[in-house]
Amino acid sequence: MEKAVKESKIKKLDLLTAVEKIVDLSKDTELSPEFYRQASRYIKHLATRLNLTKEQSVMLAIFIDNCEDNSITLSQIARHLNCRTTRMIRYSNEIDELVRRDMIIRSKSSRGVSYRVPLDVIEAFKKDEAFTPRDRSGLTCQQLFNEMSDIFEMVEDDEMDAESAKEHLKQLLESNRQLAFVQKVNAYELCGTDLILLLQFCHLFVNNDDDCVGFHNLDSMHSKGLMRCIKSEFTQGDHELQQMKLIEWSTDGDFAKKEYYRLTMEAKRDLLDELQLPTLEGDKPKRGVLKADAIKPRNLFYSADITHSIDELAGLLDPQHYDDIHARLQEQGFRCGFTCLFYGAPGTGKTETVLQLARRTGRDILQVNVSEIKSMWVGESEKNIKAVFDSYRRIAKESKLTPILLFNEADAIIGKRQEGAERAVEKMENSIQNIILQEMETLDGILIATTNLAQNMDKAFERRFLYKIRFDKPTVEARASIWHEMLPTLSDTDATKLAERYDFSGGQIENIARHYAIDAILHGHTAPTAENLTEHCDSERINQKSEGRKIGF
């Protein structure tokens, strides 16, 4: 009968009660044999329910009793037990096992080592349930990367040591072998360090959108000595991941410091296909890139000389001709870049010509906003202009057809350099120009600049433009065609009359046509004629005289 009562009491004993009893009985005992004898019932209950040793059960109970503290130290536990902190070293293996099983989390900082109890463990004890680590099998690829992010974040926050993190990552891969990402990673047959490095690069790209990885982003997972070896191999281009074409330098060009790296496009597409990232889909526009098929077709009218020059340039940029010419220039040791300057009066169609050339040859455009490049912070503008060319090289490398780098209205950056510059702004502008000149020397692509003020261009820039096309104001015949293009219902006679009377650029004629269209909507005008367009033409001419320089189209 007495035995049955005892068994009944044991069955009713819950986890939190066992913890309370262990903590109460362990106070000031130095964990003596007598303590273990007195607390044996509660220790055994905890050990049996959680599959722990008796020492692990005692340590876990004391940690849980301090669960309100997110920075539990061994000295706290030593004070509770009334023993020296060094005595706790005897229990380091037991504590390590609790950390490995995610029952407590260890943090390392400049202040030392501390611990905390995860909320999941506390919730399990409140429900009188044995804590088991969350099942991390059967995940989707995105869920896998979320788990990887948590692991790397805990390492960064010193809540998990590198070796534990590596074990967690390997278990994560092992538990999700159904994923194509895991299968492809395993197919590389990488050794431990190389595997972790690849996972770091994948995590940084997917979770942090980081395509410019420095050694400081990697060192938390590797010892200092190992990082020195990794850095040396990467810098020399000899690392296994580079040899396998999985990792590459994130910047190109002779001036680039080989300190930053990224996944190659091939690696991204091979490994990360499951995630369907927009940045990996060829038909999705990249930031700042105008897709060729998004450009609306327009008819442009030039003089015979300009038409000939543009047709010739379009022929050179035709993919088949371009690749052939590019290869021959390389063979003969010439610079391979196509650098073009479109210059002339505002409104003569320079920018629109670039757009139509891109559409005609199937080339995307990376358009540079000069005002965004120039920064009020000293040194930032130079970084910005370097970033433009780095971005262009990356996009060109990832594109089927070499895109066009467009510096629109480039007057501000290709003008004459300041001699004896003393002011910070002048020095900055000279520095920007020097960077662009250097980049034009080594350019492997297509650069087109437009300017209204070619007479102010620095001679060094003039020499570096392979093709220069001057855009004059349209002839009478061209102006008549533009009038008819803008206002299709205008008669040929009226179009010619307006063309002969007003020496307008294409941009000005477009302005007048828009004004007339707005008036027609508001006031219900009939079909346009030379007479009812005269007022708009005179107004445009007045604006031209008063405003001086107008922005081209």
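Q: Which residue in strand 8 stands opposite Val289?
A: The model is predicted: local features need pLDDT of at least 70, side-chain atom pairs count only at pLDDT 80 or more, and totals for chains, interfaces and linings use all residues. Residues are numbered from 1 along each chain as its sequence is written, and side-chain values use heavy atoms, with hydrogens and water left out. Two bridges join strand 6 to strand 8 (residues 365-368) in an antiparallel arrangement; two strands pair if DSSP finds at least two bridges between them. In strand 8, the residue opposite Val289 is Leu366.

Q: What angle does the direction of helix 18 make with that of strand 7?
A: Helix 18 (residues 350-361) packs on the sheet and touches strands 6, 7, 8, 9, 10 and 11, where a contact means heavy atoms within 4.5 Å. Axes are lines fitted to C-alpha atoms, for helices over the stretch in contact, and angles run from 0 to 180 degrees between N-to-C directions. The direction of helix 18 makes with that of strand 7 (338-344) an angle of about 145°.

Q: How many helices are there in the protein?
A: Helices (H or I, at least four residues) and strands (E, at least two) are DSSP runs, numbered from the N terminus. By this assignment, the protein has eleven strands, and its helices number 27.

Q: Which strands stand at the edges of the six-stranded open sheet?
A: Strands of a sheet pair through backbone hydrogen bonds, either parallel or antiparallel. In this sheet the pairing is mixed and the order is 6-8-9-10-7-11. Each edge strand has a single partner, so one side of each is left without a neighbour in the sheet; these edge strands are strand 6 (289-290) and strand 11 (467-471).

Q: Why is strand 10 described as largely enclosed by the rest of the structure?
A: Buried means under 20% relative accessible area, exposed over 50%, and partly exposed in between, with a 1.4 Å probe and protein chains only. Ile446, Ile448 and Thr450 point one way from strand 10, Leu447, Ala449 and Thr451 point the other way, and all are buried. Strand 10 is therefore largely enclosed, the number of its residues that are buried being six of the six.

Q: Which residue of strand 10 is the bridge partner of Phe342?
A: Strand 7 and strand 10 pair in the parallel sense over six bridges. For Phe342, the bridge partner in strand 10 is Thr450.

Q: Which residue in strand 11 is the bridge partner of Leu341?
A: Six of the seven residues of strand 7 are buried, so strand 7 is largely enclosed by the rest of the structure. Five bridges join strand 7 to strand 11, and the two run parallel. The bridge partner of Leu341 in strand 11 is Lys468.

Q: Which residue in strand 10 stands opposite Phe407?
A: Strand 9 and strand 10 pair in the parallel sense over four bridges. In strand 10, the residue opposite Phe407 is Ala449.

Q: At about what angle does helix 12 run to strand 5?
A: An open sheet of three strands has the order 3-5-4, with antiparallel pairing. Its edge strands, strand 3 and strand 4 (247-249), each pair on one side only. Helix 12 lies across strands 3, 4 and 5, and runs to strand 5 at about 85°.

Q: What is the length of the polar contact between the side chains of Arg262 and Glu248?
A: Arg262 lies in strand 5 and is buried, with a relative accessible area of 2%. A polar contact is a pair of N or O atoms within 3.5 Å; within protein, one must be able to donate a hydrogen and the other to accept it, and residues adjacent in sequence count only if both atoms are side-chain atoms. Between the side chains of Arg262 and Glu248, this contact is 2.8 Å.

Q: How far from Asp210 is the nearest side chain of opposite charge?
A: Asp210 is found in the loop between helix 12 (192-208) and strand 3 (213-214), and its side chain reaches the backbone nitrogen of Cys212 at 2.9 Å. A salt bridge is a side-chain nitrogen of Lys or Arg within 4 Å of a carboxyl oxygen of Asp or Glu; in assigning charge, Lys and Arg count as positive and Asp and Glu as negative, while His and the chain ends are not counted. Asp210 is buried yet has no salt bridge, and the nearest side chain of opposite charge, that of Lys268, lies at 9.7 Å.
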